[in-house]
Amino acid sequence: MQAQVPFLSFEFQHGQAREAILAAMARVYDSHWYVLGEEVRRFEQEYAAFNDVRECVGVANGLDALVLALRALHIGPGDEVIVPSNTYIASWLAVTQVGATPVPVEPELATSNLDPALIEAAITPRTRAIMPVHLYGQACRMPEIMAIAGRHSLLVVEDNAQSQGAAFDGQLTGSFGSASGTSFYPGKNLGALGDAGAVTTNRPELARQLRVLRNYGSERKYHNEVVGYNSRLDELQAAVLRAKLPLLAQWTRQRQQLASWYGQHLAGIEGLRLPALSPGASHVYHLYVVHHAQRDALQHHLTEQGIGTLIHYPVPPHRQPAYAHLGLPPGALPIAEALAATCLSLPLWPGMTEEQVAAVAAAVRSFRPLPGPHAH
């Protein structure tokens with residue numbers, strides 16, 4: 001019988017957290033208070049403590065977290081923000097939505113994370129900030145990025161949507177920049193049961209501004225200081241996240257163990273590039289991404305073998321119609337394009353077994369590449 005390994009399963013996590021989550025939901029239901037109440041306040045305290053920062057501000061989703069962070073830092077029209085060329089498009093969208101211009105910088109081929117060596121060449125008099133994205137769960141080389149920002153008086157806004165709990169030289173992602181946006185989309189390592197997000201920061205005044213912005217620009221009801229948003233973390237989602245947060249470290253260790261097993265079982269397969277770790281970086285394996293020149297054929301083969309996979313992400317932002325106005329033709333950002341053409345995310349989720357990892361690896365090993373150059 002073919003091995004059936006889904007790309008993602010919530011069964012183990014939701015089974016483990018079920019009683020706590022249902023109790024949390026009942027607690028909110030019985031409280032009769034459903035927006036900006038005790039659950040959000042407590043989750044903000046707990047997530048700030050988890051992230052080793054002074055402040056956390058819960059918002060509606062991860063994109064809003066980045067938009068509000070940029071707004072609170074007064075980044076807007078006429079400004080440029082350095083972004084990775086190969087991130088999920090939300091990183092770019094946040095820059096665009098505040099009226100600023102995303103300026104893409106290529107990643108390191110080995111890690112897919114923003115290459116610090118290429119940042120300074122992209123800085124212009126209009127550059128206001130750098131937005132490093134801790135992609136797939138691995139911390140960017142933040143000490144170098146922070147040093148560049150310091151030399152050029154730039155702000156740093158981290159996109160930590162995929163890397164809750166990752167660190168560089170022992171310092172947690174989401175605690176380096178002026179602010180950091182994160183997402184609690186259900187599939188994330190710490191996922192809500194719907195859209196949810198947060199901004200973390202060590203700057204109390206910035207946190208105050210974020211709380212005003214997320215709530216119609218109002219600190220006091222019906223008194224509006226600025227043109228704000230309706231972007232509030234829901235009480236129900238905050239309660240769910242509070243139930244899951246104590247389990248996150250355990251789930252992260254499981255993800256790291258699964259990645260270690262993958263490394264062993266996939267070793268030595270010709271043409272397959274495995275995830276690489278920067279010295280000093282930790283990886284929480286939101287995604288386990290391999291690369292192969294014949295990615296589409298490999299994905300088709302795995303599907304036939306009953307192995308679920310996804311592509312994160314098949315089209316880089318600069319090749320999306322949404323960013324045609326930037327005038328970046330095919331080949332303009334070759335590393336981003338090469339990564340998009342070759343990346344494949346394999347199944348990895350808490351509760352997965354070594355037997356399932358071995359089954360995925362066996363299916364990968366049984367793939368027979370087509371002869372000749374068939375890279376994209």
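In which sense, right-handed or left-handed, does H8 pass H11? H8 passes H11 in a right-handed crossing; a crossing is called left-handed if the near helix is turned anticlockwise from the far one by less than a right angle, and right-handed if clockwise.

The structure is a predicted model, in which local features need pLDDT of at least 70, side-chain atom pairs count only at pLDDT 80 or more, and totals for chains, interfaces and linings use all residues. Residues are numbered from 1 along each chain as its sequence is written, and side-chain values use heavy atoms, with hydrogens and water left out. Helices (H or I, at least four residues) and strands (E, at least two) are DSSP runs numbered from the N terminus.

**Helix packing**

Two packed helices are described by the angle between their axes and the distance between the axes. Axes are lines fitted to C-alpha atoms, for helices over the stretch in contact, and angles run from 0 to 180 degrees between N-to-C directions. Two pairs are listed here.

| Helix pair | Angle | Axis distance |
|---|---|---|
| H8 (residues 248-265) and H11 | about 35° | 9 Å |
| H9 (residues 295-304) and H11 (residues 354-365) | about 130° | 9 Å |

The crossing of H9 and H11 is right-handed. Contact (heavy atoms within 4.5 Å) is made here by Leu 298, His 301 and Leu 302 of H9 with Val 360, Ala 363 and Val 364 of H11. On the side of H8, the residues touching H11 are Leu 258, Trp 261, Tyr 262 and His 265. Their partners in H11 are Glu 354, Val 357, Ala 358, Val 360, Ala 361 and Arg 365.

**Sheets**

Strands of a sheet pair through backbone hydrogen bonds, either parallel or antiparallel. Two strands pair if DSSP finds at least two bridges between them.

E12 pairs with E13 (residues 288-292) over 2 bridges, and Leu 272 stands opposite His 292 in E13.

**Loops**

Arg 141 is placed between strand E4 (127-130) and helix H5 (142-151). Its side chain forms a polar contact of 2.8 Å with that of Glu 144; such a contact is a pair of N or O atoms within 3.5 Å, where within protein one must be able to donate a hydrogen and the other to accept it, and residues adjacent in sequence count only if both atoms are side-chain atoms. Tyr 313 is found in the loop between H9 and H10, and a cis peptide bond with omega of about 10° joins His 312 to Tyr 313. His 32, in the loop between H1 (11-31) and H2 (38-51), has a positive phi near 65° although the residue is not glycine.
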